[in-house]
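Here is a short briefing on a protein fold. Look at the strands first, then at the core and the rings.

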Amino acid sequence: MLIKSIKLKNIRSYDEKEISFKLGSTLLSGDIGSGKSTVLLSIDFALFGLGRGALSGASLLRNGKKNGFVELNFEIDGKNIIIKRTLKREANVNQDSGYIIIDNVKKELTPM
């Protein structure tokens, strides 16, 4: 898998951010609290969603915000794939609908 980019909106310390990854190895570095772990948690969320007990929506969604999303763009076996997962705050923070695009073919999906 080759990760190309990630977009974050209202995810932890990120208001709105797009990060592009160049071909090759990437080193995330910075001071404590600069968002390195958030990038890794966001990749995990995009690929696997909210796991039971592993990652909560409340720990990902930025405080005071009603919704947010992670959009991950990557390549596997020559196929370009984009996954978008969203979070929505109601009584609790839950995963909302999203989509997957594989080689420009889009499928709208629910978290279930």
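An open sheet of six strands runs in the order 2-1-3-4-5-6, with antiparallel pairing. Two strands pair if DSSP finds at least two bridges between them. Strands (E, at least two residues) and helices (H or I, at least four) are DSSP runs, numbered from the N terminus.

This is a predicted model: local features need pLDDT of at least 70, side-chain atom pairs count only at pLDDT 80 or more, and totals for chains, interfaces and linings use all residues. Residues are numbered from 1 along each chain as its sequence is written, and side-chain values use heavy atoms, without hydrogens and water.

- Strand 2 and strand 6 (105–109) are the edge strands, and each pairs on one side only.
- Strand 1 and strand 2 are antiparallel partners over six bridges.
- Ser5 stands opposite Ser20 in strand 2.

**Core**
- The largest nonpolar core has 20 residues, and Ile6, Val70 and Leu87 touch the most other members.
- Such a core is a set of buried Ala, Val, Leu, Ile, Met, Phe, Trp, Tyr and Cys residues joined through side-chain atoms within 4.5 Å. Buried means under 20% relative accessible area (1.4 Å probe, protein chains only).
- Helix 1 gives the most to this core, with four residues.

**Charges over rings**
- Lys84 lies over the face of Phe69, at 4.2 Å from the ring centre.
- Lys106 lies over the face of Tyr99, also at 4.2 Å from the ring centre.
- A charge counts as over a ring if NZ of Lys or CZ of Arg is within 6 Å of the ring centre and within 35 degrees of the ring normal.

Terms used:
Buried means under 20% relative accessible area, exposed over 50%, partly exposed in between (1.4 Å probe, protein chains only).
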